[in-house]
Structure formats: structure tokens, C-alpha cells
Amino acid sequence: MDVTTQIIRHILNSSLETIPEKAIERAKLSIVDTIACAIGGSNDPIAHFARQLGALSGGKPECTVWISGKKLPSSLAVLVNATTARALDFDDLRDWY
């Protein structure tokens, strides 16, 4: 069995109860950190460019772009959100471990 199959089986056989509390808390902190960075980076020029690029693309409005609330195709919403969150390069500054 290859590593990918092992990882998939492990995930499929896991439940919330089997995830260590420390891992859940770390995930929560990472989510809050990413959203906070996106808020901070939302006025950065690169975030504006990413939103403009997304708006020009058209496509089915599937997912929300953070901060603006606009809807874009999922792949473009991910691109815009990730670009906005990384705009100031402040994500994951703190050593949580």
C-alpha cells in the first residue's frame, strides 16, 4: 500500500474524538491567524489586483471572497483569498508549538 492510500485510509477512519485536543486548538489558531492576516492585507495593492483579476474572469459565482463578500468560481476565490491572506506576509509568525 502506498503512502497516499495510507493517509486517505487514516483520514477516513478518523473521527473528531480521535484528534488530540492540542491539534484541534492549533487548527483553530491557524484559522484565526489566516483570517486576521486577510483582514490586514485586504487593502494591500496585491489584494486589489487579485480581486480585479477574479472579477474579470467571469464564471459561476460559487464561493465568497473574504472581506469584499463577492462571489467567484471556487478556484478563483481560493486564489484571491490566499493572496489577500499572504499580502503582508504576517501569517504564522508565532511559534504555536
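Colleague: Where is Pro-73 found?
Modeller: In this predicted model, Pro-73 is in the loop between β2 and α4.

Colleague: Buried or exposed?
Modeller: Pro-73 is buried, because its relative accessible area is 13%, and the cut-off for buried is under 20%.

Colleague: What is Pro-73 in contact with, leaving aside neighbours within four places in sequence?
Modeller: Pro-73 is in contact with Gly-58, Gly-59, Lys-60, Pro-61 and Glu-62.

Colleague: OK, on to α4. What does it reach from first C-alpha to last?
Modeller: α4 reaches 18 Å with its 13 residues, close to the 18 Å expected at 1.5 Å a residue.

Colleague: Which residues of α4 are buried?
Modeller: Leu-76, Ala-77, Val-80, Asn-81, Thr-84 and Ala-85 are buried in α4. Looking down the axis of α4, these buried residues fall within an arc of 165°, so they line one face of the helix.

Colleague: What's exposed on the other side of α4?
Modeller: Ser-75 and Val-78 are exposed there.

Colleague: And what covers the buried residues of α4?
Modeller: The cover includes α2, α3, β1 and β2.

Colleague: What does Asn-81 touch, not counting residues up to four places away in sequence?
Modeller: Asn-81 touches Thr-64, Val-65 and Trp-66.

Colleague: What about Ala-77, with neighbours within four places left aside?
Modeller: Ala-77 is in contact with Cys-63, Thr-64, Val-65 and Leu-72. Val-65, Leu-72 and Ala-77 also belong to the largest nonpolar core.

Colleague: How many residues does that largest nonpolar core have?
Modeller: It has 6 residues: Ala-50, Val-65, Leu-72, Leu-76, Ala-77 and Val-80. The largest share, 3 residues, comes from α4. As a general point, nonpolar side chains tend to be buried together in soluble globular proteins.

Colleague: Ala-50 would be α3, then. Which residues of α3 are buried?
Modeller: They are Ala-47, Ala-50, Arg-51 and Gly-54. Down the axis of α3 they fall within an arc of 95°, so they line one face of the helix.

Colleague: What covers those buried residues of α3?
Modeller: The cover includes α2 (21–41), β2 (71–72) and α4 (74–86).

Colleague: And which exposed residues are on the face of α3 turned away from its buried side?
Modeller: That face carries Phe-49 and Leu-56.

Colleague: How many residues does α3 have?
Modeller: Helix α3 (residues 45–57) has 13 residues and reaches 19 Å from first C-alpha to last, close to the 18 Å expected.

Colleague: What happens at the start of α3?
Modeller: A side-chain oxygen of Asp-44 comes to within 3.1 Å of the backbone nitrogen of Ile-46.

Colleague: Changing topic: how many salt bridges in the whole structure?
Modeller: A search finds 2 salt bridges. Lys-28 forms one with Glu-25, with the closest N and O atoms 3.6 Å apart. Asp-89 and Arg-86 meet in a salt bridge at 3.0 Å, N to O.

Colleague: Where do Lys-28 and Glu-25 sit relative to each other in α2?
Modeller: They are 3 residues apart in helix α2, which means about one helical turn separates them. In general, an α-helix has 3.6 residues a turn, so residues three or four places apart point the same way.

Colleague: Last one: what's the phi of Ile-67?
Modeller: Phi of Ile-67 is near 75°, a positive value in a residue other than glycine. Ile-67 lies in the loop between β1 (63–64) and β2.

Conventions: Residues numbered from 1 in each chain as written. Predicted model: local features only at pLDDT ≥ 70, side-chain atom pairs only at ≥ 80, totals over all residues. Heavy atoms only, no water. Helix = DSSP H or I, 4+ residues; strand = E, 2+ residues; numbered from the N terminus. Expected span 1.5 Å × (residues − 1). Buried < 20%, exposed > 50% of the residue type's maximum accessible area, 1.4 Å probe, protein only. Arc of directions from axis to C-beta. Contact = heavy atoms within 4.5 Å. Polar contact = N/O pair within 3.5 Å; in protein donor to acceptor, adjacent residues only side chain to side chain. Salt bridge = Lys/Arg side-chain N within 4 Å of Asp/Glu carboxyl O. Core = buried A, V, L, I, M, F, W, Y, C linked by side-chain atoms within 4.5 Å.
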